[in-house]
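This report covers the pockets, a cavity and some of the strands of one protein model. Please look at the sequence and the 3D structure first.

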Amino acid sequence: MTSAAAILTATSPALRRFAALLEPRSDAEIEMLSRESAAVTRRHFGKTIRLFAPLYLSNECINNCAYCGFSRDNAILRVTLEVSSVVKEARHLAAEGFRNILLVAGEHPKFVSNGYLERCVRALVPEIPSISLEVAPMETPEYATLVAAGAEGLIVYQETYDREAYAAMHTAGPKKDFDWRLACPERAYAGGFRRIGIGALFGLTDWRTEAQALAAHLDHLLRNCWRAQFTVSLPRLRPCAGNFAPAHPLGNREFIQLICALRICFPEVGIVLSTREPAPLRDALLPLGITMMSAGSHTEPGGYTGQGREDLHLTVRGKALAPADSAADAGATGQFEIADERSAAEVASLLRSRGFEAVWKDWDAAILAS
């Protein structure tokens with residue numbers, strides 16, 4: 001397997017152009033970039049936006065990640081949903097129109113093992129046509145088991161591609177292993193996943209350096225895992241438990257520039273926009289390169305229907321304590337605060353008013369069997 005250093009320092013025509021497009025630009029140049037990005041998006045994707053919802057299974061975690069609300073040392077209310085509760089959450093999302101769900105969990109092998117995830121996926125297959133995962137990295141055979149169970153997509157963010165920043169942000173737990181995480185998309189591809197998403201968490205280090213490393217990783221994957229479809233996410237840090245303050249915030253103007261540069265240099269790659277971003281900005285970004293959006297999101301287990309509240313427990317530095325009597329009223333702690341609180345119906349209505357088609361479902365397993 002190609003070394004991390006070789007992947008992140010590689011060059012190509014697309015990467016050279018990408019770096020050039022990230023250079024400081026005037027307002028007029030940003031406007032020109034936006035128009036070109038919009039034209040490229042329409043040519044490759046039309047006026048469609050694929051909608052999805054995250055479904056959080058567990059906020060248990062053994063990692064210490066300075067920027068994450070689920071970090072082990074944070075004193076928060078935690079729970080891992082029973083499979084039956086996961087099904088109830090999924091049915092709620094299906095009733096709202098979703099046919100594409102992302103199962104998300106903190107990284108804790110005691111609570112979220114491959115067996116648990118496989119049971120969740122198998123239970124949801126009759127309910128949801130498209131199931132993706134954002135969970136702890138695994139070995140290829142474990143991924144193959146989840147694909148056989150019915151999962152089709154895997155999301156894994158490197159968080160930051162800067163080794164020094166990565167080491168400073170991840171101080172305990174298996175997530176400390178930079179190279180293991182970087183190789184995760186290729187293991188997932190070998191395991192049979194047909195959709196793979198990568199991304200960086202912007203705010204941890206210089207945004208241009210981060211973006212260029214993310215692009216280099218994407219370029220490597222496109223050349224070596226060409227049978228899969230790839231998406232890129234550009235999440236910006238949001239308030240969460242632990243009160244982490246980003247040292248390198250990415251402003252809206254540069255955020256727009258980054259999205260446009262990605263679209264122009266990687267025209268067939270999907271770009272994901274989550275509810276981390278406020279509604280007015282999400283609406284403004286629609287024509288510029290976005291192809292996939294979350295809507296009506298919750299970032300806590302049981303957030304849609306209140307499932308799991310009877311099993312809540314408070315953890316302090318990884319040790320479980322009995323929660324206060326009022327804990328069930330509050331529910332589990334979320335990973336971060338969302339910024340766009342509109343319902344799925346409201347987002348779909350907005351898309352239609354702007355001339356876009358909200359795509360709830362774009363494939364079915366029956367297609368492969370026919």
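## The second largest pocket

The second largest pocket has a volume of about 310 Å³. A pocket here is an open set of points on a 1 Å grid over the protein atoms alone, with protein on both sides within 12 Å along at least five of seven lines, and its lining residues have an atom within 4 Å of a point. Grid points are joined across faces, edges and corners, and a volume is the space filled by probe spheres set on the points. The lining of this pocket counts 19 residues, and Pro109, Val112, Ala136, Pro137 and Met138 are the closest to the centre. At least two lining residues come from each of α5 (114-124) and α8 (178-182). Helices (H or I, at least four residues) and strands (E, at least two) are DSSP runs, numbered from the N terminus. By class, 10 lining residues are nonpolar, four polar and five charged. Ala, Val, Leu, Ile, Met, Phe, Trp, Tyr, Cys and Pro count as nonpolar, Asp, Glu, Lys and Arg as charged, and the others, Gly among them, as polar.

## Source and numbering

This is a predicted model, in which local features need pLDDT of at least 70 and side-chain atom pairs count only at pLDDT 80 or more, while totals for chains, interfaces and linings use all residues. Residues are numbered from 1 along each chain as its sequence is written, and side-chain values use heavy atoms, with hydrogens and water left out.

## The largest pocket

The largest pocket has a volume of about 490 Å³. Of its 21 lining residues, Phe45, Gln229, Phe230, Glu268 and Gly270 are the closest to its centre. The elements that give two or more residues to this lining are β1 (48-58) and β9 (229-233). The lining divides into 12 nonpolar, five polar and four charged residues.

## A cavity

The structure holds two cavities of 30 Å³ or more; a cavity is a set of grid points where a 1.4 Å probe fits but cannot get out. The second largest cavity has about 30 Å³ of space. Leu218, Val232, Leu262, Arg263, Phe266, Val269 and Ile271 line this cavity, and they divide into six nonpolar, no polar and one charged.

Strand β1 is largely enclosed by the rest of the structure, because 10 of its 11 residues are buried (under 20% relative accessible area with a 1.4 Å probe, protein chains only). Two strands pair if DSSP finds at least two bridges between them. β1 pairs in the parallel sense with β14 (residues 357-359) over three bridges, and Arg50 stands opposite Val359 there. Three bridges also link β1 to β11 (residues 292-294), again parallel, with Met293 as the bridge partner of Leu51. Five bridges join β1 to the parallel strand β4 (residues 100-105), where Leu102 is the bridge partner of Pro54.

Leu102 is also in contact (heavy atoms within 4.5 Å) with Ile155, a residue of strand β6 (residues 153-155). Ile155 is buried, with a relative accessible area of 14%.

## Strand β12

β12 runs antiparallel to β3 (residues 76-78), joined by three bridges, and His313 stands opposite Arg78. β12 also pairs with β13 (residues 319-321) in the antiparallel sense, with Leu314 opposite Leu321. Two residues lie between the strands of this hairpin, in which Arg317 takes a positive phi near 50 degrees.

Terms used:
Buried means under 20% relative accessible area, exposed over 50%, partly exposed in between (1.4 Å probe, protein chains only). Lists of a residue's contacts leave out its neighbours within four places in sequence.
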